[in-house]
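The following briefing concerns one protein chain and is arranged by topic. Please consult the sequence and the structure shown here alongside the text.

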Amino acid sequence: MTPADVSAAVVAAIRAAVAAGELAVDVPAEVTVERPKNKEHGDYATNTALQLAKPAGRPPREVAEVVAAHLRDQPGIAAVDVAGPGFLNLRLDQAAQGELARTIVLAGDDYGRSSTGEKERVNLEFVSANPTGPIHLGGTRWAAVGDSLARLLEATGADVTREYYFNDHGAQIDRFARSLLARARGQEPPEDGYGGEYIAQIAADVVARRPDVLDVPDDEAQEVFRAEGVELMFAEIRQSLHDFGVDFDVYFHENSLHESGAVERAVDRLREQGQIYERDGAVWLRTSEFGDDKDRVVVKSDGQPAYISGDLAYYLDKRERGFDRVVIMLGADHHGYIGRLMAMCACFGDEPGRNLEILIGQMVNLVRDGQPLRMSKRAGTVLTMDDLVDAIGVDAARYALARYSMDSTIDIDLDVWAKQTNDNPVFYVQYAHARIASLLRNAGELGVLRGDDLDPSLLSHERENELLGTLGEFPRVVASAAELREPHRVARYLEQLAGTYHRFYDACRVLPMGDEPATDLTRARLWLVEATRVVLANGLGLLGVNAPERM
RNA sequence: GCCCCCGUAGCUCAGGGGAUAGAGCACUGCCCUCCGGAGGCAGUGGCGCAGGUUCGAAUCCUGCCGGGGGCGCCA
């Protein structure tokens, strides 16, 4: 019996009470059921009577008593108590509880998946680091969180496209090209240019591909370095992401918007909407009509498109490609753009928050020996994805980045995340999976099989009950993590599950001792253990982290 | 000056209005004849401050204090 089943049972009881004329309320579609912290409060508790009290115009405890009477008739419900101000504490019957192990094992990879989310086409844009250098730590955080969020949204019914906005237009690309050219000639980088080892490497690669490049005029040479250098840099970024386990469905080139006339089309569209005007020789968008601090320049007085013009065209392009929901993940240093982007969305006649959603993530710092790390060996400037992966590996990096709320600035202690002990959360979780895999291997070698039959009533130990309860939480952890765009909930849940499993394992012998025969209880516990393995594997999968069979 | 994020145990962090606020680490004391001790059990210890909304606030609202990050016809 899952929490959703329990909710359904409570709803059925309310409906029965209403039908019997004992309660005058609108029957809710679902009710909140939670696992009480205190075991004496039963297997599940609901606050529904407290919430129905006002519409029913009766005291909460009285409402609770009425619902309780009908709830006792529901299948799988063993006992119902009214407690405190009007909570309903329920106990499931043993078999209904244990049956969950079978449900999970039979569902396998699908356990946790649902259709609770909107069935919509979602364009999820993340990372989108400029191709002027390696992916920095902020982008790395987005790679981990964004990919995990994509998996979560897919797991709850959305059709997700992962998209990378490749910012290959504008002044920073010119600076990149000039930096490459200078380096190829053995000169100092320009004042506002880029430094770091990777510039030398790419400059050398460009020269290797185009040996003539140093013999042509500056303009021409710079253009070669721009085209070739961006391509090389981008290939390196894609490789880093791929090695990180993140592959995008679409790599979108900003340049294509400018070359195809998409920017002009977007401006024309906005002009038709009456949101465009001209002043001081520039073209402005009336974003302040929709909550922005001030109007924004779209085309500068020199005739060049301003940065936001690319965003306008890009947003329109995404909508025209059929995405109901455009989600953009940005670093905290971009929070100032939310207002204008949302206003832009409204200028198009769309609904900010629904058609356009912007997620902001805070910064990431690395710590070693208690000291913050500042410099990258490779980049010469800021720390990169590769620095992090080199230090702790992909699994630990992804897990560490996905484990915290995006609202929090995080310090990743490399000493902790490189450890092979349970100080390290990702090891704690992966170890639990490996330990189960080992147990199941041992069972196979002993010839002890789970079989097709399960007597769920045998799973009656307190620790089994606790484990079943935790396993039952998984689908709604996934659903809420997706809905709230908070993948860290999955990681925290897995840590809780691993702990609950260890407690079960410590108290409940699974395999027969010595030459004792396997019993029905042995087999029932193998169902439960396999169910735990499934949930750990599914959860780690949502984070893009491996679930090792041995380690 | 304005905007965004954060402030919960000694440390790193969970806690989308509900009962006695949790986990890991650290510290103290325990548990190994056999499934991976990379584990388990017990104990110590906390919501920045002040108001407000509510039957009920760590959670929602306002103000203040402290920390971090932003506020271009740059991209």
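**Glutamate 495 and the model as a whole**

Glutamate 495 is placed in helix H18, which spans residues 488-507; helices (H or I, at least four residues) and strands (E, at least two) are DSSP runs, numbered from the N terminus. The model is a predicted one, in which local features need pLDDT of at least 70 and side-chain atom pairs count only at pLDDT 80 or more, while totals for chains, interfaces and linings use all residues. Residues are numbered from 1 along each chain as its sequence is written, chains are lettered from A and ligands numbered from 1 in the order in which they are written, and side-chain values use heavy atoms, with hydrogens and water left out.

**Surroundings of glutamate 495**

- With a relative accessible area of 14%, glutamate 495 is buried; buried means under 20% relative accessible area, exposed over 50%, and partly exposed in between (1.4 Å probe, protein chains only).
- Not counting residues up to four places away in sequence, glutamate 495 touches Tyr399, Arg403, Pro425, Tyr428 and Val429, where contact means heavy atoms within 4.5 Å.

**Chain A overall**

- Chain A contains 19 helices and 15 strands.
- Along the principal axes, the C-alpha atoms of chain A fill a box of roughly 85 × 60 × 40 Å.
- Of the 551 residues in chain A, 52% are buried.
- Among the contacts in chain A with a separation of 6 or more, 70% are between residues 24 or more positions apart.

**Nonpolar cores**

- The largest nonpolar core comprises 112 residues, and Val127, Tyr164, Leu241 and Ile412 have the most contacts inside it; such a core is a set of buried Ala, Val, Leu, Ile, Met, Phe, Trp, Tyr and Cys residues joined through side-chain atoms within 4.5 Å.
- Helix H19 gives the most to this core, with 12 residues.
- Leaving aside neighbours within four places in sequence, tyrosine 164 is in contact with Phe126, Val127, Ser128, Ala129, Phe234, Ile237, Leu241, Phe248, Val250, Tyr251 and Phe252.

**Helix packing: H4 with H19**

- Helix H4 (residues 94-107) packs against helix H19 (residues 520-543) at an angle of about 50 degrees, with their axes 8 Å apart; axes are lines fitted to C-alpha atoms, for helices over the stretch in contact, and angles run from 0 to 180 degrees between N-to-C directions.
- That angle makes H4 oblique to H19, since angles under 35 degrees count as roughly parallel, over 145 as roughly antiparallel, 65 to 115 as roughly perpendicular and the rest as oblique.
- The crossing of H4 and H19 is left-handed; this term applies if the near helix is turned anticlockwise from the far one by less than a right angle, and right-handed applies if clockwise.
- From H4, Ala101, Arg102, Ile104 and Val105 meet Trp527, Leu528, Glu530, Ala531, Val534 and Val535 of H19.
- The residues of this contact divide into 8 nonpolar, no polar and 2 charged, with Ala, Val, Leu, Ile, Met, Phe, Trp, Tyr, Cys and Pro counted as nonpolar, Asp, Glu, Lys and Arg as charged, and the others, Gly among them, as polar.

**Helix packing: H11 with H12**

- The axes of helix H11 (residues 307-320) and helix H12 (residues 338-347) come within 11 Å and cross at roughly 45 degrees, and the two helices are therefore oblique to each other.
- H11 passes H12 in a right-handed crossing.
- Ile308, Asp311, Leu312 and Tyr315 of H11 meet Arg340, Leu341, Met344 and Cys345 of H12.
- The residues of the contact of H11 with H12 divide into 6 nonpolar, no polar and 2 charged.

**Strand E12**

- Glutamate 357 lies in strand E12 (residues 356-361) and is buried at 11% relative accessibility.
- Not counting residues up to four places away in sequence, glutamate 357 touches Arg325, Val326, Val327, Ile328, Met342 and Arg485.
- Glycine 361 is also placed in strand E12 and is buried, with a relative accessible area of 4%.

- Serine 128 has a positive phi of about 45 degrees although it is not a glycine; serine 128 is found in the loop between strand E5 (121-125) and helix H5 (137-155) and counts as buried at 17% relative accessibility.
- Aspartate 280 has a positive phi near 55 degrees; aspartate 280 is in the loop between strand E8 (276-279) and strand E9 (282-285) and is exposed, with a relative accessible area of 63%.
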